[in-house]
Amino acid sequence: TWHLKKIPQIVRERTFSLDNPKFEAKTKLELNSVCGIECQRKLPVPSLSDLKDLLSYETVFENGTRTLTEVNVLGVVVDPAGNTTTQRSLRKKRQIYGTDSRFSIYDKRFMTNFPFNTAVKISTGCSGILISPKHVLTAAHCLHNGKDYVKGSKRLRVGLMKTKSRGNGRKRKGTRRNGMPSFQWTRVKSTHIPKGWFKGVSGDIALDYDYAVLELKRPHKRKYMELGISPTIKMMPGSMIHFSGFDNDRSGQLVYRFCSISDESNDLFYQYCDAEPGSTGSGIYLRLKEPNKKKWKRKIIAVYSGHQWVDINGEQQDYNVAVRITPLKYAQICFWIHGNDENCTQG
């Protein structure tokens, strides 16, 4: 069951204009030198002033201008346990773990209907997911490398799978003749990235803050997926997660997968879902019952960050990582969607 949680408040304090970014960084879909499982355990618990700094955010607009918004955080309870993890067995393998368990979605009846139609393609080479009539959730590193915005983010576009396309005088639904999805590309009006992602704040890439929200120039009219607070592994049915994206090795195809989670920290899921670059930024979701109802509902509980290499016990270990939607991240993303915190009190 989805359990309602009281959400902290993110309150806007001041907004400053910044110099225009250079947009010269190269897109890098695989990150290195990231704080891994052992490192996460040793991280200090962020103080309230740390959280205010980390959750302040940059906004880049389609004309290339940029602002920084400082925030206050109200009603947050700092967890004294810190970034504890649930230790399970680790394996040293590749991005595809054993038998490739991904499913390419060819059937237009599935591809253009919920939940698969919430998956979108980002013009920098990543994936994302629709979270409102005009907002998309994706990974921050699809747009920014920690120091500068990537080249393609200046004229950022989002590709929504077409529900109808014309060809040879006939209407067809959602796919080209070869079964590949066709896209309707929409310009991005603005992009929000938490300050915690920037290297100047964290000293290194802070994977906990690898998420961003894009506001589309024009709203779409299709069903989107709501946000949910990420439950712990033991509260998930079979510890199973699901996500769909546009993996590079299956060009043009929508690829769906599901798997169980191996480890968790307060902010990250460590899992062995088969995935390749291109699916980065996909929304990871669960299907749970709504409180006091028999109805089941899917909600986004994490953002797929990608394949990571880290040092564990002195050797290179790899896994696929997702950034959990915690109550604080829920409050921030909800604030970005609505522009206030009045609609974000329960998650």
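Which residues form a disulfide with their sulfur atoms 2.0 Å apart? Cys334 and Cys344 do. Cys334 sits in helix 5, residues 327-338, and Cys344 in the segment after helix 5, so the link ties together parts that are ten residues apart in sequence. The torsion about the S-S bond is about -85°, so the disulfide of Cys334 and Cys344 is left-handed. Cys334 has 5% relative accessibility; the cut-off for buried is under 20%, so Cys334 counts as buried. Cys344 is buried too, with a relative accessible area of 3%. The model is predicted, and the values here are computed from it.

The disulfide count comes to three. Cys126 and Cys142 make up one of the pairs, with sulfur atoms 2.1 Å apart. This pair links distant parts of the chain, 16 residues apart. Cys126 is in the loop between strand 5 (119-122) and strand 6 (127-132). Cys142 is in the loop between strand 7 (135-138) and strand 8 (157-161). The link of Cys126 and Cys142 is left-handed, with -95° about the S-S bond. Both Cys126 and Cys142 are buried.

Cys259 and Cys273 also form a disulfide, and their sulfur atoms lie 2.1 Å apart. Cys259 belongs to strand 14, residues 254-264, while Cys273 is in the loop between strand 15 (268-271) and strand 16 (283-289), so the pair ties together parts 14 residues apart in sequence. The S-S torsion is -105°, and the link of Cys259 and Cys273 is left-handed. Cys259 is buried at a relative accessible area of 10%. Cys273 is buried at 1%.

Now to the charges. How many salt bridges does a search of the whole structure find? The search finds ten. One of them joins Arg14 and Glu70, with the closest N and O atoms 2.9 Å apart. Arg14 lies in strand 1 (residues 9-18) and Glu70 in strand 3 (residues 66-74), so this bridge ties together parts 56 residues apart in sequence. Arg14 is partly exposed at 49% relative accessibility. Glu70 is partly exposed as well, with a relative accessible area of 23%.

Glu62 and Lys217 meet in a salt bridge of 3.3 Å, N to O. Glu62 is in the loop between strand 2 (57-61) and strand 3, and Lys217 is in the loop between strand 12 (212-216) and strand 13 (240-245), so the pair ties together parts 155 residues apart in sequence. Glu62 is partly exposed, at 30%. Lys217 is partly exposed, at 43%.

Arg324 and Glu264 form a salt bridge at 3.3 Å, N to O. Arg324 lies in strand 18 (residues 315-324) and Glu264 in strand 14, so the bridge ties together parts 60 residues apart in sequence. Is Arg324 buried or exposed? Arg324 counts as buried, at 7% relative accessibility. Glu264 counts as buried, also at 7%.

Elsewhere, salt bridges join up. Lys134, Lys189 and Glu215 are linked in a network.

Finally, the surface. Lys154, Arg155, Arg157 and Arg187 gather there in a patch of positive charge. Arg155 is in the loop between strand 7 and strand 8. Arg155 has 60% relative accessibility; exposed means over 50%, so Arg155 counts as exposed. Cys142, by contrast, is buried.

Terms used: Residues numbered from 1 in each chain as written. Predicted model: local features only at pLDDT ≥ 70, side-chain atom pairs only at ≥ 80, totals over all residues. Heavy atoms only, no water. Disulfide = S-S within 2.5 Å. Helix = DSSP H or I, 4+ residues; strand = E, 2+ residues; numbered from the N terminus. Buried < 20%, exposed > 50% of the residue type's maximum accessible area, 1.4 Å probe, protein only. Patch = residues over 30% accessible without salt bridge, like charges linked within 9 Å, V, L, I, M, F, W, Y side chains within 5 Å. Areas by Shrake-Rupley, 256 points an atom, 1.4 Å probe, with all protein chains shown as cover. Salt bridge = Lys/Arg side-chain N within 4 Å of Asp/Glu carboxyl O. Lys, Arg positive; Asp, Glu negative; His and termini not counted. Charge placed at Lys NZ, Arg CZ, Asp CG, Glu CD.
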